[in-house]
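Come along while I look things up one at a time.

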Amino acid sequence: MDGTSFASLAQVRILLIPVGNIHKATFEKWADVIRSFDHIRLDEITPDTSEDKSRFMPTPMSAGYLHLTFPTHPPPSWHASFSLFRPSHFPLGLIGIADCCASPSPQATVSAFSSTLAEYFPKGSAYPLASRCYAFEDGDEPSNVNLPTNLNQLVVIPSVMGNKKMYIGTLISELCGEILGAFTGLAKALESPTGLEALNSRLLPQIAYSDEPEGVPFSFESRTWDVPSTIQVPNGSGVETPRNSGDFSQSNGLRPTPKRSGTTSSARSSLAPAPVNTKKRISIGLASGASGRAYKLVADLFLLAGRTSDAVQWYMESLPLLKGTQDVIWQASAIEGMCVAEILDTWSSGDGAQTIPPGGKQPWADMSDRLNQVVSLYAKATPSITPIAPNSTAQDIPFDGELTALSFLYCQSVLRHSQFLLAVWTARGWGKMAFETMLSPDLPPIFAQTTPTEAILSHMSSASSIPRSTIANVINQAHGPHLMHLQSQDRLQVLNTMAAMYSFLGFKRKEVYVLREVLAVAMDMLV
């Protein structure tokens, strides 16, 4: 399973898939070359100045980077409820890798690519936003492939080309430019009256691709669960907020309560935005009827586009609105995005090393407090989807139900906080090495080749001012009853990550304890 990093919220996922009869070694060879482009300078992306694509494009002299990650597995189908809430969780681009020698013709390669694409993403999927198929030639013989002009998705890279890596980098920049151009259509869909209504109608609305000849190329999932009512509780401001019959907490998981009343229309009204300065809103460019959720999603797109200052501005606009409506998971996600944006700014500027006066606060402490707040907010989240029968259990809720989704978001927030502390701890303090660790899904450099001794582990704690017990306590928050609400694949991923983190800390007993649970989950999946 592909790993994730602390900064995954700002990384554009480009899925790599094999096309046709390509050998595994050949696929891995070219996949490694593509993965070497883990970030691209914004000024290397050719901007599209057309009105329908320019909103998230970089300017010709833009500073900053577009951060990329190249998984080889798409997210599972039950993660579809995150399609709007967290677009960074999905492959925004797709690259097919083909072997020209294994295909009789370019048309056959494109046909195999289209079939593979349809297998991975059924019709109507909002993602990927852009896709290409790179067909590589091997050997020293000149190319005999005549590429038809109508095969726009296929790019043949001949064997006689000198610097293939540079050319591949240019192709990836072009693909990224197409992805950023598609962000404008996604933002327009969100800002439309239909989009705003759909965005505020459910806790986790979904988006789909629309092939309508006119209008924006996105539509919104209108499916609703067959539940008799929606729970409402007063939020202290005279507005009723939809709630379910459960209270998600770190210690007790979900505790049902019998209150039920209201309709789904109150959910939309409860998420209406608080009054803000009209001139300021118009200057930013969002319709006056937008909610804090729309602000937060536009901020997510700016973060993915590498425009961190714009992302922070939009996050700041969204937070008062989300806090005012007690929209806790969207508020938590906005805080997470701001933390990641600040790390990217510090990394790109090359800053970070600071002199701490005696008794002064560590530079990482404030961000750790905010990440801890994020975990608390996700812990307070309550699903609006409830079991129909009074004696129903979590198994009665569909796989893509909100109970499973909220449990997953909570665990991910705990692991993100843990990754942050581990990065600072392994780097022996706040600095460039810590930021690079936060951006990478790989092992921290100190654990890549050898296992540090107990003396080295103790030195890292004293140098970073982060005790190992502090990190372990954060990791332990992911272990609890909420794990049982996760799908087996997600539970396995969470437990594996926890075991690896305990191993880094040198806490062998905790590692073995969690590995026993990993084995139990794996056996359940096999049986």
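This is a predicted model: local features need pLDDT of at least 70, side-chain atom pairs count only at pLDDT 80 or more; totals for chains, interfaces and linings use all residues.

**Entry: helix H8**

I looked up the bend and found about 25° at serine 318, with proline 320 as the proline that follows within four residues. Next I checked the length of H8. The helix runs over residues 308–324, which makes 17 residues. From first C-alpha to last I read 25 Å, close to the 24 Å expected at 1.5 Å a residue.

I then asked which residues of H8 are buried. My list reads Thr308, Ala311, Trp314, Tyr315, Glu317, Ser318, Leu319, Leu321 and Leu322. I note that serine 318, where the helix bends, is among the buried ones. After H8 comes glutamine 326, and its phi is positive, near 55°.

I kept a general point in mind here: most residues other than glycine have a negative phi, and most peptide bonds are trans. That made me curious about the exceptions.

I found a positive phi at arginine 428, near 60°. Arginine 428 sits in the loop between helix H11 (402–426) and helix H12 (432–439).

Serine 465 is partly exposed, at 36% relative accessibility.

Where did I find a cis peptide bond? It joins tyrosine 127 and proline 128, with omega about 0°. Proline 128 belongs to the loop between helix H2 (106–120) and strand E5 (130–136).

**Entry: salt bridges**

How many salt bridges does the structure hold? I wrote down 14. The general idea is friendly enough: side chains of opposite charge can pair when their charged atoms come close.

I began with glutamate 336 and arginine 86, whose side chains meet in a salt bridge at 2.8 Å, N to O. This pair links distant parts of the chain, 250 residues apart: glutamate 336 is in helix H9 (residues 328–349), and arginine 86 is in the loop between strand E3 (65–69) and strand E4 (91–99). Are these two buried or exposed? Glutamate 336 is buried, because its relative accessible area of 1% is under 20%. Arginine 86 is buried as well, with 8%.

Then I turned to arginine 132 and glutamate 178, which meet in a salt bridge at 2.6 Å, N to O. Here too the pair links distant parts of the chain, with arginine 132 in strand E5 and glutamate 178 in helix H3 (residues 164–191), 46 residues apart. I have arginine 132 as partly exposed at 23% relative accessible area, and glutamate 178 as partly exposed at 31%.

Which residues do salt bridges with shared partners join into one network? They are Glu28, Asp32 and Arg35. Within it, arginine 35 forms a salt bridge with glutamate 28, and the closest N and O atoms are 4.0 Å apart. Arginine 35 is partly exposed at 28%, and glutamate 28 is partly exposed at 30%.

**Entry: a meeting across the sequence**

I looked up leucine 301 and found it in helix H7 (residues 292–304). Leucine 301 is buried, at 2% relative accessibility. How far apart are leucine 301 and proline 87 in sequence and in space? I noted 214 residues in sequence and 8.1 Å in space, C-alpha to C-alpha.

Leucine 519 is in helix H17 (residues 508–526). I count leucine 519 as exposed because its relative accessible area, 53%, is over 50%.

**Entry: cysteines**

How many disulfides does the count come to? I got zero, with a pair of cysteine sulfur atoms within 2.5 Å as the rule. Cysteine 176 is buried at 1% relative accessibility, and cysteine 339 is buried at 0%.

Note on methods. Residues are numbered from 1 along each chain as its sequence is written. Side-chain values use heavy atoms; hydrogens and water are left out. Buried means under 20% relative accessible area, exposed over 50%, partly exposed in between (1.4 Å probe, protein chains only). Helices (H or I, at least four residues) and strands (E, at least two) are DSSP runs, numbered from the N terminus. The expected span of a helix is 1.5 Å times one less than its number of residues. The bend at a residue is the angle between axes fitted to the seven residues ending there and the seven starting there.
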